[in-house]
Amino acid sequence: MTENYGNFMYSGLSICLYMIMYEIVIHNIFVLNFGGGGLNSSVVLFLLTMTGFFYIGLHKFLRIHDKLVLNSILCFFVFIILLLSHPLIRLSMAVLAMILLTPIIIHALILQSRRYVISIIMGISFKEFIVVVMNNVSIQASTFTMLVFGVICIIWLSFGLKYPLSLLDEKASYPSISAVYLFIHLETFFLSSPSVQSTWFVRNYVFVILMMGVGLLLAYFIIETRMIEKLLRFSPILLFSFLLFSFLLIYYDLSYVRYIIISLTQLNAVLLLYIGIRENGSGSISRIGLKLGGIQFICIISSFLLVAAPFWTAMPGPVSTLVMYNDRLLMLLVGWIFAFSCVKGIKEEMN
Amino acid sequence: MKILNKQQSTILLIIILTIGLAFYQSYRPSHTESVDTIKVMTYNVHLFTDMGSSGQNNLVEIAQLIKDAGADIIGLQESEGSRMASSNQYGVKWLADELNMYYYFGPSTHLGVWGVSLLSRWEILNPRVELLPSEGTLQRVAIVAEIDIPSPFGKISVIVTHLSFDLQEVQLAQAEKIVELAKNNDKTIAMGDFNTVIAQLDGKSINDDPTFVLLNNSLVDSWVESGGAADENTSFHFSEAEPDINNTRIDYIWYLGDFTVIIGNHQVLGDESVSDHRAILVEFTA
């Protein structure tokens with residue numbers, strides 16, 4: 001296992017950029033299909049976010065893990081094109097970036113295993129920092145935000161070139177990927193967004209950011225000091241805590257403890273993720289791609305329902321009935337699906 | 001002696017910088033100098049995306065429009081940006097920071113509404129969200145707040161809303177609620193996207209629209225008071241699919257109480273490169 005600062009920065013920034021691409025894809029799919037013209041072929045690009053299926057080909061035929069530096073350079077140019085483009089091209093580039101970032105994420109996960117959570121904490125911290133620097137608007141909003149994004153891409157590529165990830169050894173089994181991507185889905189939609197956390201129930205923006213940071217720092221402290229190893233025997237309690245805190249966070253605005261719940265939800269989510277990354281959770285490396293594709297299909301359904309919920313009057317009958325006034329339930333399910341993806345890891349710890 | 005390694009330092013630094021920056025962005029200077037007139041604007045900002053499927057973010061254009069107009073109080077509709085469909089943007093806060101104004105975000109995101117917000121040069125007091133009757137359709141809301149404007153204006157009540165566009169009886173019930181809220185105070189400005197278009201889709205004129213009639217009989221139309229025509233085409237750009245209803249007037253600034261509208265200072269601002277609505281602006285003296 002390779003573990004050095006540069007690798008964690010590179011893999012952390014990869015996650016950060018993946019989350020930003022995810023936001024761009026969903027926004028542009030919405031605008032291109034619901035903003036004016038109606039449903040059209042661009043919606044197919046949404047299906048291409050099942051990058052796990054592409055990964056099978058990338059690893060098998062292109063041997064992408066031996067060419068990760070080249071992959072990163074290509075991805076960098078994709079980012080640049082994305083910045084300068086028309087929405088349809090922007091959307092296509094964002095999807096392509098997600099496809100190219102997937103092998104990097106998987107590679108780092110295989111190398112770092114459970115320590116990958118450190119990369120994820122870095123990635124989320126960077127994402128939140130970038131969002132606050134841009135003052136909670138999209139990268140396309142202004143010249144300044146595009147510049148910020150450009151700088152992050154340069155920093156990312158620099159770390160990738162200076163601290164390339166070690167080559168992978170052939171193994172019989174690999175760490176599981178399900179919890180990681182469901183966690184990324186949860187973070188992108190809710191937990192790592194200062195905007196969403198501040199307005200889900202209208203809360204003080206500064207305190208929200210403060211408590212998001214506290215949650216991440218606590219999680220980092222617990223994992224970095226290896227205190228997490230002592231908590232593993234309490235895994236079912238961590239699961240229950242996350243279910244409870246996420247429920248409270250999404251359904252209620254409890255006046256005095258609302259901000260503490262933000263921290264506790266984030267903390268529990270990260271600790272659960274640690275447990276959810278099972279060392280030998282996946283068989284062959286192709287199976288990682290297959291599983292990932294399946295998970296991403298669930299994320300697509302979840303994303304669609306969450307996007308549709310405030311526009312239920314414009315949805316076809318069955319969808320309308322499903323999403324009508326169910327914003328909270330749909331958001332809660334994002335968290336709970338992630339939590340239940342960690343159950344296998346919890347069972348292994350308890351055995 | 002190293003207390004923290006590079007990785008620990010990085011995470012700590014990034015999180016501290018994030019929190020520090022958030023604090024810095026929250027600073028607002030107060031404006032206590034007296035004012036002779038106030039400019040009030042209502043603007044439907046289309047979830048911070050320009051009209052149609054080009055998908056360009058319109059925040060910079062909106063901020064520039066408001067700056068150029070010199071608006072003091074701005075009611076926004078479709079201002080909900082905290083969703084992935086809108087790139088998880090806190091657009092209202094960004095505008096407030098850009099314009100150095102106070103803001104009230106409005107209804108919580110979990111309600112699943114499209115957003116109604118308020119920007120003000122002066123501090124916004126006692127803001128609240130009122131749910132409007134919305135049986136069988138999207139939940140609609142109004143925000144009610146007070147703004148303590150320096151003399152000679154004093155404290156005024158401001159209502160911002162966005163009514164339904166699909167069911168006439170529901171829209172009418174919502175308008176009744178708006179009138180009731182407006183009449184609760186001595187000096188009220190009630191503005192927003194009132195979607196007085198349902199009757200017009202049936203071929204009726206604005207003067208036959210039940211919602212418009214109710215509002216017009218209960219409140220004062222600042223556009224008309226300023227010299228505009230009641231049935232003037234001002235705001236909404238419909239799609240080419242509905243060419244008969246084009247540039248209809250559905251955005252209004254109503255008022256009650258001791259205000260005087262400055263004649264001739266009503267404006268329509270912006271175009272479809274910014275939003276599918278245009279901003280409406282009127283100017284008041286005390």
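Tutor: Quick ground rule before we start: axes are lines fitted to C-alpha atoms, for helices over the stretch in contact, and angles run from 0 to 180 degrees between N-to-C directions. Helices (H or I, at least four residues) and strands (E, at least two) are DSSP runs numbered from the N terminus. This is a predicted model, where local features need pLDDT of at least 70, side-chain atom pairs count only at pLDDT 80 or more, and totals for chains, interfaces and linings use all residues. Residues are numbered from 1 along each chain as its sequence is written, chains are lettered from A and ligands numbered from 1 in the order in which they are written, and side-chain values use heavy atoms, with hydrogens and water left out.

Student: At what angle do H6 and H8 of chain A pack?
Tutor: Take residues 116–133 for H6 and 178–191 for H8, with the axes 12 Å apart. Angles under 35 degrees count as roughly parallel, over 145 as roughly antiparallel, 65 to 115 as roughly perpendicular and the rest as oblique. The packing angle is about 20°. That makes H6(A) roughly parallel to H8(A).

Student: Which residues of H8(A) make the contact with H6(A)?
Tutor: Contact here means heavy atoms within 4.5 Å. From H6(A) come A:Tyr116, A:Ile120, A:Ile124 and A:Glu128, and they meet A:Val180, A:Phe183, A:Glu187 and A:Leu191 of H8(A).

Student: By class, how many charged residues has that contact of H6(A) with H8(A)?
Tutor: Ala, Val, Leu, Ile, Met, Phe, Trp, Tyr, Cys and Pro count as nonpolar, Asp, Glu, Lys and Arg as charged, and the others, Gly among them, as polar. On that scheme there are 6 nonpolar residues and no polar ones, and the charged residues number 2.

Student: Which residue forms a salt bridge with A:Lys127?
Tutor: The rule wants a side-chain nitrogen of Lys or Arg within 4 Å of a carboxyl oxygen of Asp or Glu. For A:Lys127 the closest N and O atoms are 3.0 Å apart, and the partner is A:Glu23. A:Lys127 sits in H6 of chain A and A:Glu23 in H1 (residues 5–34) of chain A, so the pair ties together parts 104 residues apart in sequence.

Student: How many salt bridges does the rule find across the interface of chain B and chain A?
Tutor: Over all chains, the whole structure has 14. Across the interface of chain B and chain A, though, the count is 0.

Student: What area is buried between chain B and chain A?
Tutor: Buried area is the accessible area (1.4 Å probe) that two parts lose on being put together, summed over both. Here 56 residues of chain B touch 59 of chain A. B:Gln7, B:Met84 and B:His110 supply 15% of what chain B buries against chain A, more than any other three residues. Carbon and sulfur atoms give 66% of the total, which is about 5100 Å².

Student: How do H6(A) and H1(B) cross, left-handed or right-handed?
Tutor: Their axes come within 9 Å and cross at roughly 25°, with H1 of chain B covering residues 6–25. That makes H6(A) roughly parallel to H1(B). A crossing is left-handed if the near helix is turned anticlockwise from the far one by less than a right angle, and right-handed if clockwise. This one is left-handed.

Student: Where is B:Pro152 found?
Tutor: A cis peptide bond joins B:Ser151 to B:Pro152, with omega about 10°. B:Pro152 is in the loop between strands E6 (140–149) and E7 (154–162) of chain B.
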